[in-house]
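Colleague: I'm new to this one. Can you put it up and talk me through it?

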There are 2 protein chains.
Amino acid sequence: MPADHLFRNSIRIVIALIAFGLFRIDLVVGEDSQRPNFIIIFTDDLGYGDLGCYGHPTIRTPNLDRMAGQGMRFTQFYSAASVCTPSRAALLTGRLPIRSGMCSDSRRVLFPDSAEGLPQEEVTLAEALKAQGYATACIGKWHLGHHPEYLPTRHGFDTYFGIPYSNDMRPCPLMRNEEVLEEPAEQATLTARYTEEAIGFIKAHRDEPFFLYFPHTFPHVPLFASDRFKGTSKRGLYGDVVEELDWSVGQVLEALEECDLGDRTLVVFTSDNGPWLTQSERGGSAGLLREGKGSTWEGGMREPAIAWWPGQIGAGLVSGSLATTMDLYTTCIRLAGGEVPSDRVVDGVDISSVLLGDGTATPREHHFFYRGSTLQAARMGPWKAHLITRPGYGGTVQKHDPPALYNLEVDPSEKYEIGEEHPEVLAAIAGLIEQHREELTAPPSRLERRVGAGE
Amino acid sequence: MPADHLFRNSIRIVIALIAFGLFRIDLVVGEDSQRPNFIIIFTDDLGYGDLGCYGHPTIRTPNLDRMAGQGMRFTQFYSAASVCTPSRAALLTGRLPIRSGMCSDSRRVLFPDSAEGLPQEEVTLAEALKAQGYATACIGKWHLGHHPEYLPTRHGFDTYFGIPYSNDMRPCPLMRNEEVLEEPAEQATLTARYTEEAIGFIKAHRDEPFFLYFPHTFPHVPLFASDRFKGTSKRGLYGDVVEELDWSVGQVLEALEECDLGDRTLVVFTSDNGPWLTQSERGGSAGLLREGKGSTWEGGMREPAIAWWPGQIGAGLVSGSLATTMDLYTTCIRLAGGEVPSDRVVDGVDISSVLLGDGTATPREHHFFYRGSTLQAARMGPWKAHLITRPGYGGTVQKHDPPALYNLEVDPSEKYEIGEEHPEVLAAIAGLIEQHREELTAPPSRLERRVGAGE
């Protein structure tokens, strides 16, 4: 298809120009057939070190390894929070959770007794893409509000199939759109049923642009694998569960290939936060990173991330560029020919220069690490300064003044504090934080109010 | 080449039969052209987590990643000691260091004032292959005795170019055969000069079977990179050094391909022991493994290991089979048509069923973890029992009775002791250890006597 080819080359040139700062323009994308589909596969509590291509010795992930071999694997990709609800809010809004009220120091996620959810005023990625004519579906765990007015169907998704909050919150129902299908959900079948739904959605929408948000229930504890995978991995039940997720990814990629959609579908695989270390061997591994879920040490927020788009993303590339889940918001909207909302702060940056280049572009230069509504650390280039450190769960709060400074590219395990040698870096990060605090407007938390409690 | 092809298929069939336990035969290999060449690239203090394909976020190893993509990457491959001298003795003799006297509790490696070295009675891999008509060379760090009678040229190597002991031992000379070329060695040029020598050796011996033992000087501290690599990696000087080693591997593979030797050369890349953690950011990373160099925790002895032999070893395979550096001894001798010495205990097992199969064969079922001449732990299948634990350097000695038991396939980071739940496993490992101690003959240590001290 020469026209398609020409289009792709044009995109590359435009991206290159933007990357070099020569032009600042918005992509204008024409007919449906040229706009990419988007699939975001979002696992729950998967650690940085839990995939074969990220170095796990006994978990086998041939499908994700193949996805990485055909696409781009990120090594410094972050979620925007170290626990579930705020992380998901950030992915779908392109904004730090503090801006939407989707975080709290006292109740870190939504619970079955929570009264609220993601505010209607937020423009979700689904809404933004729907406005561009995309078919949209959410298949999997939502956790942004389970009362009807907060469900995916009220936030831009045409359809929804999945569980409304974490699988350890009882009773956890399985829903289709706004109806409960079964309660409690039969968890051992969830990954397979989600996958079947996902393939059905892809096939049904093969002739129009679509956005599939596919947030898996696992490997969040309690772990469940289907009969086909249970007891089959060397890594125990956790490995069985991750290997079933890997199988699911393979099914999705195969469905795309069968439908001849590979070269016009951007698939991104990543996770909401780091491994739940307090669950011992039922939790995952952050590999060489420090700490896990719940923490603003790297293990809590740096995630495995793989982007796949054959013909557009080079094969076998490894990118050390800073990137976050929020950047997927901005990038997908831009690639779809849309505009990110201009009436609010959007934290996501367009990382298509990374994705469509060789993985070395640096559109993002910093990232903020919140625990609840408290800013605990900030990253600037290779540097990370911690104002406050503490384990993901329990432990003591340690305040650092001056902040504890690490060079994450030299010292990814955050072992060697080097602030004394780099006062100029500490000063620069202090400036970055001050600027961030000055422009920040934080609405009241949406995670604290409970049903019946002064509603 | 149909004859060659037929031969390769025959080897595969024989291996498969051996793997299935149907036959136990020795390989008989005919003309020179059919016997594989062997190259063992052995780095110094490289950690399990230090390569791109083992999950390091900022060290770039495209050549090793390619080698893994074209060959087999091991995830449970061990050295036979956690420090330099005994580890090298084991690789070259196929025997635990305790059997050759090449270990000691008081002096863990050879020093410039050491009086002895690897005993003449040992049959090195070079000697065994030389007996099969192989040309042999040692290029790099020896560390098995620097007095003339212990040098590589007295242990089966036709030629030697390198340093006789560690690069932090002063003055560290560079030698050719038995002559000192320069003293101290110009360390920043070593990797490049070794590589040039290696390529020269390969090209000079393209028409006869050869064995190149290529033990690099780095990334042992003090770190030196050439001007070309210094300051170029994101991981600081350690990354520069590892990336130069990666470049060297690429040069070797390219030379083989240029000489059309790829399909008849088995190249194995691994390291002598884990990362030197007490060197802070100048030391490497064991990834998700516990501890490092000097320790019998996994970080001290589990190594990155990649085997490459296009057409014989399947592409992109990952093997979780237990294997050790000692197995290279037995495997190479067998593949060369030779016999391992039958007048002594050889610990190496033939892992060609792993290499030439799909990576799932299990010719090795256990491994012993010595610190000096003290057995501290034993592995049996997925289980590892520690009799004694302590950090690689300093720290307190902890004796465990009953032993501290871990399932390394479920818990590779050795976090969750589970002996109480598995008394039958502890009993089986106790039996294995008893049997090992009964058959063990340990000669006096060769590492303790100093020059002039009662010599």
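Colleague: What is the bridge partner of A:Thr389 in β15(A)?

Modeller: A:Gln398 is the partner of A:Thr389. Keep in mind that this is a predicted model, where local features need pLDDT of at least 70, side-chain atom pairs count only at pLDDT 80 or more, and totals for chains, interfaces and linings use all residues. Residues are numbered from 1 along each chain as its sequence is written, chains are lettered from A and ligands numbered from 1 in the order in which they are written, and side-chain values use heavy atoms, with hydrogens and water left out.

Colleague: How many bridges join β14 to β15 in chain A?

Modeller: Six, between β14 (residues 383-389) and β15 of chain A. The two strands run antiparallel. Strands pair if DSSP finds at least two bridges between them. Strands (E, at least two residues) and helices (H or I, at least four) are DSSP runs, numbered from the N terminus.

Colleague: Which sheet do they sit in?

Modeller: An open one of four strands in chain A, ordered β12-β13-β14-β15, with antiparallel pairing. At the edges are β12 (366-371) and β15 (398-407) of chain A, each pairing on one side only. Neighbouring strands are turned by 20 degrees against each other on average, direction ignored. Axes here are lines fitted to C-alpha atoms, for helices over the stretch in contact, and angles run from 0 to 180 degrees between N-to-C directions.

Colleague: What lies across β12, β13, β14 and β15 of chain A?

Modeller: Helix α11 (residues 423-439) of chain A does. The helix runs at about 130 degrees to β13(A). Contact means heavy atoms within 4.5 Å.

Colleague: And chain B?

Modeller: Chain B has an open sheet in the order β12-β13-β14-β15, again antiparallel. Its β12 (366-371) and β15 (398-407) each have a single partner strand, so one side of each is left without a neighbour in the sheet. The twist averages 20 degrees from one strand to the next. Four bridges join β13 (residues 374-380) to β14 (residues 383-389) in chain B. One bridge pair there is B:Ala377 with B:His386.

Colleague: What rotation superposes chain B on chain A?

Modeller: One of 180 degrees, with 0.0 Å of shift along its axis and an RMSD of 0.0 Å. The two copies are thus related as by a two-fold rotation axis. The superposition is by least squares on the C-alpha atoms of residues with pLDDT of at least 70 in both copies.

Colleague: Why do the copies meet through the same surface?

Modeller: Because 100% of the interface residues of chain B are also interface residues in chain A.

Colleague: New topic. How do α3 and α9 of chain A pack?

Modeller: At an angle of about 20 degrees, with the axes of α3 (residues 84-93) and α9 (residues 325-335) 6 Å apart. That makes α3(A) roughly parallel to α9(A). The cut-offs are under 35 degrees for roughly parallel, over 145 for roughly antiparallel, 65 to 115 for roughly perpendicular, and oblique for the rest.

Colleague: Which residues make the contact?

Modeller: On α3(A), A:Ala90, A:Leu91, A:Leu92 and A:Thr93. On α9(A), A:Thr325, A:Met326, A:Leu328 and A:Tyr329. Six are nonpolar, two polar and none charged. Ala, Val, Leu, Ile, Met, Phe, Trp, Tyr, Cys and Pro count as nonpolar, Asp, Glu, Lys and Arg as charged, and the others, Gly among them, as polar.

Colleague: Last one. Do β3 and β4 of chain A run parallel or antiparallel?

Modeller: Parallel, with three bridges between β3 (residues 135-139) and β4 (residues 159-162). A:Ile139 has A:Phe161 as its bridge partner in β4(A).
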